[in-house]
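Let's take a walk through this structure together, one piece at a time. Have the picture open as you read.

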Amino acid sequence: MAREDWPPGPPEIWAGIDAGKGYHWAVALDADGETVFSTKVINDEAQILALIDTAAGRADEVRWAVDISGRASTLLLALLAVHDQHVVYVPGRTVNRMSGAYRGEGKTDARDARVIADQARMRRKDFARLDTPPELVSALRILTNYRADFIADRVRLVNRLRDLLVGICPAAERAFDYSAAKGPVVMLTEYQTPAALRRIGVKRLTTWLERRKVRGAQTVAAKAVEAAQSQQITLSGEKRAAKLVCELAHQLLALDERIKDNDREIREAFRTDERAETIESMPGMGPIPGAEFVAIVGDLSGYQDAGTPGLSCRPGPGRPGLRAPYRELPQAQALQPASALAVLYVRPGLDDAARPLQGLLPQETGRRAVAQPSSAVPCPPPSRCPVGNPA
């Protein structure tokens, strides 16, 4: 049936989409909560465009709602934005909790999509609108998320290495902080067992480490040989464990280099933002925290007022004064550490460099508030330079 032959539909419908990597499920409801259509949509441009066309033909106005604002829904959100569609974000947490209020017990994509659409229909002002972020913000989100994955991988590698090392020589495992010091990890690429460390000795091990530009090579060598001297017995499985420790040590060093390269890309991308100099001038905000901040807040257009960012970074059950509209922020803006916004200090009346962040945070209240003279503008501590002013 051609679009012009469709029977007249309701003036407004709500289309909920349960987004996924391979496919999405879309359910549209009218103002009475009756199903207009329910369909599976492959995560493909042609099928998504067909869905948009179908929804547009069923009503005068379509309001879309999605439960994922990450990579899985990137194509979907981009196509909706190109066609000037109104899209809101319904958090998965909301969908999960509200599912129990609907008929049926099985969890299916169609059921979740219906819950998303129905929540958007009933709570029309509670959910934040999703817009396509600028290219720089998208790039920083990818890079900072990639960095978080690297850090998680590094933690796992260090834990595996320490676990294996305990089975070879507990004293050597206790001797160093392998997560913070590079020298001991370099040593483990060649010498893993107490017998090998005793054979090479402090002097030759120091020379070997110095050739590899290890800081404090003599200290590292002395502590390693001392730990090896405390254990004369060879433990079961030591040979195989030593090979795995060598492999993990090489992986850890390679991962550190990848993290350095990623950090360099983040710094370069972040410093192309016009707000970078202002953000970095704040105490505790270097290029990496600054990039994470920009990735979270974007261009600040998604916040309703100056108080919204402060509330959105402090959600939690039972938190007093947190109203529903602020709990339902997009995933990129919600559930973020309070420190990303709490460290910001922008004094009113600064030059143009500081204006993009001016009025971002509400004034501190309660026991953390600091009394200020009634006639004076709040000033930072004497040791701090106000944002936007030359040192």
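This is a predicted model: local features need pLDDT of at least 70, side-chain atom pairs count only at pLDDT 80 or more; totals for chains, interfaces and linings use all residues.

Residues are numbered from 1 along each chain as its sequence is written, and side-chain values use heavy atoms, with hydrogens and water left out.

Now look at H2 itself (74-82). Leu76, Leu77, Leu79 and Leu80 are buried in this helix, where buried means under 20% relative accessible area with a 1.4 Å probe, protein chains only. The buried residues of H2 pack against S1, S2, H1, S4 and S5, with contact meaning heavy atoms within 4.5 Å.

Those strands belong to an open sheet of five, in the order S3-S2-S1-S4-S5, with mixed pairing. S3 and S5 (86-89) stand at the edges with a single partner strand each, so one side of each has no neighbour in the sheet. Two strands count as paired if DSSP finds at least two bridges between them. S1 and S4 pair in the parallel sense over six bridges, and Ile17 has Val66 in S4 as its bridge partner.

How do the helices lie on these strands? H2 lies across S1, S2, S4 and S5, at about 155° to S4, while H1 lies across S1, S2, S3 and S4, at about 170° to S3. For these angles, axes are lines fitted to C-alpha atoms, for helices over the stretch in contact, and values run from 0 to 180 degrees between N-to-C directions.

H1 spans residues 45-58, and its buried residues are Ile48, Leu51, Ile52, Ala55 and Gly57. What covers them includes S1, S2, S3, S4 and H2.

Finally, jump to helix H10 (residues 238-270), where you'll find Asn262. Asn262 counts as buried because its relative accessibility is 3%. Leaving out residues up to four places away in sequence, Asn262 touches Leu143, Tyr146, Arg147 and Phe150.

Definitions and conventions: Helices (H or I, at least four residues) and strands (E, at least two) are DSSP runs, numbered from the N terminus. The expected span of a helix is 1.5 Å times one less than its number of residues. Buried means under 20% relative accessible area, exposed over 50%, partly exposed in between (1.4 Å probe, protein chains only).
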